[in-house]
Amino acid sequence: VGIAQAESTPERSITQRIESCDVLVIGLGPAGASAAAEAAVQGARVIAVDRKINAGVPVQCAEFVPRMLGMEIADLACARRQDIASMATFLDAGLPDVEPHFPGMMIDRAAFDAKLVANACALGAQCRFNTKLHTFSADGSAQFSDGTTITATVVIGADGPRSRVGSAVGAPNTELVETRQITVPLLCPHNSTDIFLSSDIPGGYAWLFPKGDLANLGLGVAPQWRAELKPLLEKLHAQLRDEGRVGDEVSGYTGGAIPVGGMRRLVSQIAETNVLLAGDAAGLTNPVTGAGIAAAVISGRAAGAAAASLICKNASAADEYSDEMESMFGPSLARALARRRALMAIYKSGVVPGRNELKRSWIAFPEYWAA
């Protein structure tokens, strides 16, 4: 490690450090922490950084994960809040359409992220927080807000919907949904994820996800309707409160962006540095449901394995990673993207979508799966 002292400024003194590693992971959410762990366990020297001060905080997630992820991660039990058995979809004022077999669990996302980071550290990855990526140089080295420059053979971009790594390689997420969520008391035991579809929620939907004696109540809309988030959520909260389902007190607020434009280009280069994208940064979040935790963990592990293989001079590892993700997620993402864009085209034309159009845009209905 080379160290040089920068000129002092009245505000603060920044120590410039130049470091190198095999794999540099940007972002320590589920994708980044999984990538760091997998690359480290395969013998790579890994540095992983995140702009947050603590893993998973603030939570920007509805906190539901499908059962398939629970089977893949043995330590998920440490973050479990409650099991989910079914999904109920409310279309406007009608009775819900219930999918009785929709197994999964609600988790404590902050505890989940922290556990993944702890695992990556235990396997040998250097994990650093409160470290923000500033820019990439033409030679592929990364500069950070604390003055550190890191060079790596492989960079894994796992830095979320507005990925700076994705932007640096010309593969940003260009379509997003904006969300707002509150945590409220749940007055009756509940083991279903409730979905609320309405033409009044353009480009998204609302949800009530139970977690013990609390529930996450939120919704998402296309960015041009961002101003409607607060009044729409207040209206839904009042409705469910009047129905006796939830309490009045709000114990938490959160929100954020969800990528809904489908898979990005997963493999790029900056000079001689290989760049892989994973998780939300790779556009692997489902454009209709917004589900992305399982895809983040799976793609993170695969990206970490590919990075370790690239270090060992397997030149085809990057393309194999891209092909694997395309095979695993491509068809479902393509269908969801087509359904979403068809619905948004109706709004763009100035027409309010009807029940049939809404049903075609949601996974609970046969219309979604029709040709």
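How many disulfides does the structure hold? The structure holds zero, where a disulfide is a pair of cysteine sulfur atoms within 2.5 Å. This is a predicted model, in which local features need pLDDT of at least 70 and side-chain atom pairs count only at pLDDT 80 or more, while totals for chains, interfaces and linings use all residues. Residues are numbered from 1 along each chain as its sequence is written, and side-chain values use heavy atoms, with hydrogens and water left out.

Start with the cysteines. A disulfide is a covalent bond between the sulfur atoms of two cysteines. For cysteine 21, the closest cysteine sulfur belongs to cysteine 127 and is 12 Å away, too far for a bond. Cysteine 21 is buried, at 5% relative accessible area. Buried here means under 20% relative accessible area, exposed means over 50%, and partly exposed lies in between (1.4 Å probe, protein chains only). For cysteine 61, the closest cysteine sulfur is that of cysteine 78, 15 Å away, so that pair is too far for a bond as well. Cysteine 61 is also buried, at 13% relative accessibility.

Next, the interior. In soluble globular proteins, nonpolar side chains tend to be buried together. A nonpolar core is a set of buried Ala, Val, Leu, Ile, Met, Phe, Trp, Tyr and Cys residues joined through side-chain atoms within 4.5 Å. The largest one has 68 residues. Within this core, Val23, Leu24, Val46, Ile156 and Tyr321 touch the most other members. Helix H6 (residues 293-311) gives the most to this core, with 10 residues. Helices (H or I, at least four residues) and strands (E, at least two) are DSSP runs, numbered from the N terminus.

Contact means heavy atoms within 4.5 Å. Neighbours within four places in sequence aside, valine 46 is in contact with Val23, Val25, Ala36, Ala39, Ala40, Ala125 and Gln126.

Now take helix H3 (residues 109-122). Its 14 residues reach 20 Å from first C-alpha to last, close to the 20 Å expected at 1.5 Å a residue. The expected span is 1.5 Å times one less than the number of residues in the helix. Arg109, Ala110, Phe112, Asp113, Leu116, Val117 and Ala120 are the buried residues of H3. Seen down the axis of H3, these buried residues fall within an arc of 165°, so they line one face of the helix. The arc is that of the directions from the helix axis to the C-beta atoms. At the start of H3, a side-chain oxygen of aspartate 108 comes to within 3.1 Å of the backbone nitrogen of alanine 110. After H3 comes glycine 124, with a positive phi near 115°.

Helix H5 (residues 229-242) can be read in the same order. H5 has 14 residues and reaches 20 Å from its first C-alpha to its last, close to the 20 Å expected at 1.5 Å a residue. Buried in H5 are Leu229, Leu232, Leu233, Leu236, His237 and Leu240. They cover an arc of only 135° around the axis, which puts them on the same side of H5. Lys235 and Asp242 are exposed on the other side of H5. The cover over the buried residues of H5 includes strands E13 (176-185), E14, E15 and E16 (214-221). Glycine 244 follows H5, and its phi is positive, near 80°.

Strand E16 contains leucine 214. Leucine 214 is partly exposed, at 26% relative accessible area. Leucine 214 and arginine 81 are 133 residues apart in sequence, with C-alpha atoms 9.9 Å apart in space. Leaving aside neighbours within four places in sequence, leucine 214 is in contact with Arg81, Thr183, Val184, Pro185 and Leu186.

The loops remain. Serine 199 is in the loop between strand E14 (192-197) and strand E15 (206-211). Serine 199 is buried, at 18% relative accessible area. Residues up to four places away not counted, serine 199 touches Asp92, Tyr347, Val352, Pro353 and Leu358.

The loop between strand E3 (46-49) and strand E4 (64-66) holds proline 58. A cis peptide bond joins valine 57 to proline 58, with omega about 0°. Glutamate 63 lies in the loop between E3 and E4. Glutamate 63 is not a glycine, yet has a positive phi of about 75°. Glutamate 63 is buried, at 4% relative accessible area.

Asparagine 130 sits in the loop between strand E9 (126-128) and strand E10 (133-136). Its phi is positive too, near 55°, in a residue other than glycine. Asparagine 130 counts as exposed, at 54% relative accessibility.

Key
A polar contact is a pair of N or O atoms within 3.5 Å; within protein, one must be able to donate a hydrogen and the other to accept it, and residues adjacent in sequence count only if both atoms are side-chain atoms.
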